[in-house]
Amino acid sequence: MYLEAVKKKKPPLLQFSSRGIYCAVADVYLDPWRPVPKALITHGHADHARWGHGQYICTEASLPILKHRLGNIQLSGRPYGDRFLVNGVQFSFHPAGHVLGSAQIRVEYQGEVWVFTGDYKLENDGVSTPFEPIRCHTFISECTFGLPVFDWQNPTEIHSQINHWWAAQNSDKRSAVLMGYSLGKAQRLLKHLDPNIGPIYTHSSITAMTEVTSAQVDFPKTLALNKEVDKNDLKGALILAPPAAAGGAWMKKLSNPSTGYASGWMSFRGARRRRGFDRGFVLSDHADWKGLLKAIKATGCEKVITTHGYTHLFAQYLREQGYDAITEKTAFEAETPAEETSTTL
Amino acid sequence: MKLFAALVETLDQTTKTNTKVAALKNYFLKAPKQDALWTIALLSHRRPSRPITTTQMRAWAAREAKVPDWLFEETYHIVGDLAETIALIYPSNPEAELNRSLSAIIEDLIELKSKTDEQKEAFICQMWSQQSALERFAFNKIMTGGFRLGVSQKLMTRALSQALDLEEQTLAHRLMGDWSPQTISFEELLIKPNPKDQLSKPYPFYLAYALEDSFFDQESADDWFVEHKWDGMRGQLIFRSGEWFCWSRGEELMTSKFPDFNPLAEKLPQGTVLDGEILAFTDGQIADFSLLQKRMNRKNVSLKLRTEIPVIFGVYDLLEFEGEDLRHRPLTYRRTLLEELFQKNNDPQLPWFLSEIVPCSRWDDAKKEREKAVEKRSEGLMLKRKSSPYGVGRKKGDWWKWKSDPFTIDAVLTYAMRGHGRRSNLFTDYTFALWDNKELVTFAKAYSGLTDAEMKEVDRFVKQNTTDRFGPVRQVKPELVFEIAFEGIAHSSRHKSGVAVRFPRILRWRKDKSIDMANSLEDLKTLIP
């Protein structure tokens with residue numbers, strides 16, 4: 001990238017600095033990981049929307065989420081597709097299909113177009129606005145699941161497995177505890193649960209996030225899991241909780257619950273067994289191998305920068321396919337099966 | 001195959017023993033007898049020999065999945081399991097339909113062994129394409145072994161006992177030895193055993209647990225026999241109807257490897273079964289374990305090898321005498337008969353010795369004796385309850401092993417590799433180095449000893465501090481120090497450090513130490529006896 005920049009005698013439109021992805025001409029950062037004056041944010045997950053920036057710009061759909069997570073910040077929202085100028089550089093947000101309000105950021109300057117994906121998936125999850133391919137010269141792509149072993153099944157099939165599993169617990173008068181990250185996975189799971197099976201309870205962080213997003217999505221009716229809930233009411237119920245809350249004191253209320261975990265990492269037996277959950281449902285908000293390749297192809301780009309995930313392997317594979325692909329280091333950590341970290345699943 | 005694949009899925013999905021037993025019982029009741037028999041064989045490490053190499057499996061799967069070989073290899077290292085990698089990477093086919101029984105598939109695999117490579121490839125790829133990912137996984141595991149389903153032989157025997165309404169102990173005994181579903185039926189093996197087949201059949205081995213801290217407060221030395229724990233290979237010698245058999249703990253028939261024991265067969269009465277330790281015995285004393293290993297590694301036992309490394313049987317239990325199964329009798333009874341038998345045949349020319357009982361009126365005596373382990377060439381002590389019957393498998397309470405304290409040294413983490421099974425996709429396999437002047441020299445690899453939380457912490461360190469990549473191996477910045485424990489130490493020309501250590505493992509993470517405080521190769525060498 002450096003050599004090419006020297007040749008053209010101008011710096012690349014987006015650079016990877018110690019604070020984040022930086023557009024020097026506009027003097028703005030995309031999903032910066034250290035405090036900066038002006039930040040464009042792809043989505044509300046903690047490793048992309050961080051504390052301490054002077055000014056935040058995100059999609060309109062992300063506004064309530066960022067407000068909820070970051071409190072009193074200087075924040076403005078833009079509709080998907082709306083083009084706006086910052087110091088002569090044109091920016092716009094486009095649906096990434098990752099979680100509610102998530103976006104790819106398109107950057108155009110003097111005829112050159114870059115797209116930064118943040119996180120994305122191609123399937124329509126029924127909650128977030130579905131991914132739209134954007135043509136560009138340079139595509140900065142995540143590759144959390146950038147290995148050929150990741151091959152998602154049709155999500156409808158997974159949702160029916162989940163309902164089936166819950167119904168089986170319900171008929172045994174057992175509670176079904178379903179784990180999913182509180183922003184994104186929880187809403188997606190909730191959206192597709194069959195409320196005819198039994199009552200649905202949500203753990204506090206999910207209760208809050210569901211409330212924040214309920215203006216934009218129709219969810220089945222839920223009850224808050226709190227100290228007042230009678231443990232007999234939880235028999236046959238489904239409890240939606242973030243993975244970080246697994247093993248907490250609240251679980252002692254449940255007699256012999258069955259635990260399920262919805263994540264792309266559940267493809268691996270090892271990851272499944274390490275967590276010790278009864279069931280692993282392979283359901284991810286990131287693109288699988290074929291999804292990544294399809295998305296890249298659809299952009300018509302020549303150059304790909306892989307940021308987080310199996311970056312080295314994925315870039316090497318892309319080079320063999322004729323792309324000019326490199327890897328850049330970011331603070332979006334995704335190489336770990338993000339069990340204990342704050343990143344998304 | 002569907003039924004078997006569903007069983008594998010159920011076993012894999014639960015960590016609860018009761019659910020596993022119920023699933024197995026249910027399977028044994030429903031499955032065709034020949035399938036059930038093969039399942040028992042597979043779960044007790046009796047899979048048929050592999051018709052193809054894992055190299056072939058990798059090459060064919062990569063080609064079918066249209067993935068370059070290097071990427072397949074990298075992916076395999078991340079997944080940590082070949083059968084699973086192929087199951088996942090293979091293009092999914094929702095219409096896949098395979099109507100073939102488990103035993104028919106295994107018989108195909110056995111026949112496949114003698115076919116040409118082209119025929120093998122055609123068969124395997126056709127099977128893969130007709131299977132669901134789950135069936136593909138089960139099918140691959142039949143070939144590669146190592147199901148890792150958390151089903152011990154004991155657990156399987158329990159399920160089988162419930163399904164057949166037969167006693168667990170009886171079944172455990174019937175399942176011993178080197179039977180194969182190719183030569184014996186379900187009926188013959190489990191329901192109506194043929195007495196002729198029983199001749200060579202070993203008894204299930206009784207295994208000890210590592211001693212627990214509370215032991216000495218609760219037990220009186222009077223109730224216990226104390227012996228040295230011999231550092232060789234556990235074995236069972238059977239003398240019945242003019243024939244003799246030598247079994248390893250892994251239920252491998254070793255008779256032909258140890259013709260040394262022939263003279264014993266000539267002397268001991270028929271209907272005798274001995275439990276003890278096979279040991280290398282040179283210059284009139286017990287030799288290092290590595291010598292026994294050297295002998296074990298040879299396929300053919302030449303006279304030269306036998307003269308160079310003779311073996312001896314250190315006997316400590318009598319399981320059958322005059323054709324009578326003594327296992328339910330108390331150890332004192334068995335021991336008395338064993339001592340009589342030994343005295344009658346106490347000939348220095350015979351390749352056996354009686355493992356002596358250490359006189360021990362107080363536990364302090366045992367503690368003193370344990371310190372003599374190196375001198376006695378043992379690994380420590382065994383404590384056996386005098387009144388105990390001879391049990392089946394690993395059972396707590398009557399037999400304890402009290403090993404000598406291991407050697408320890410502080411070493412620096414230098415390389416890491418991803419683990420397998422439960423640890424797949426985590427960097428859990430480590431290489432450690434010691435100082436040699438200003439350089440760090442590799443001395444051992446270790447895979448165990450950290451808690452799950454520590455493992456995750458080191459995993460994160462490795463990912464953030466990788467300085468170089470060699471395929472699946474990451475070189476890391478030398479920064480972390482660990483205390484490494486090991487059992488034995490000897491000079492070695494095969495190791496770069498010049499030293500080989502036995503069973504190295506991580507004792508603890510020394511977060512209080514920086515790398516300049518780690519030990520040197522010199523320090524290590526001073527431990528060599």
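With which residue does A:Lys121 form a salt bridge? In this predicted model, the partner is A:Asp285, and the closest N and O atoms of the pair are 2.8 Å apart. A:Lys121 and A:Asp285 are both buried. They belong to a network of salt bridges that also includes A:Asp125 and A:Arg188. Over all chains, 44 salt bridges were counted.

In chain B, a salt bridge connects B:Asp275 and B:Arg234, at 2.8 Å from N to O. This pair, too, links distant parts of its chain, 41 residues apart, with B:Asp275 in strand E6 (residues 272–282) and B:Arg234 in strand E4 (residues 233–240). Both residues are buried. Another salt bridge of chain B pairs B:Arg329 with B:Glu324, with 3.2 Å between the closest N and O atoms. Here B:Arg329 is partly exposed, at a relative accessible area of 26%, and B:Glu324 is partly exposed at 33%.

Chain B contains 21 helices and 22 strands. The C-alpha trace of chain B spans about 70 × 70 × 50 Å along its principal axes. Of the 529 residues, 53% are buried. Chain B carries 77 positive and 76 negative side chains, and the centres of these two sets are 2 Å apart.

How values were computed. Residues are numbered from 1 along each chain as its sequence is written. Chains are lettered from A and ligands numbered from 1 in the order in which they are written. This is a predicted model: local features need pLDDT of at least 70, side-chain atom pairs count only at pLDDT 80 or more; totals for chains, interfaces and linings use all residues. Side-chain values use heavy atoms; hydrogens and water are left out. Helices (H or I, at least four residues) and strands (E, at least two) are DSSP runs, numbered from the N terminus. Buried means under 20% relative accessible area, exposed over 50%, partly exposed in between (1.4 Å probe, protein chains only). Lys and Arg count as positive and Asp and Glu as negative; His and the chain ends are not counted. The place of a charge is taken as NZ of Lys, CZ of Arg, CG of Asp or CD of Glu. A salt bridge is a side-chain nitrogen of Lys or Arg within 4 Å of a carboxyl oxygen of Asp or Glu.
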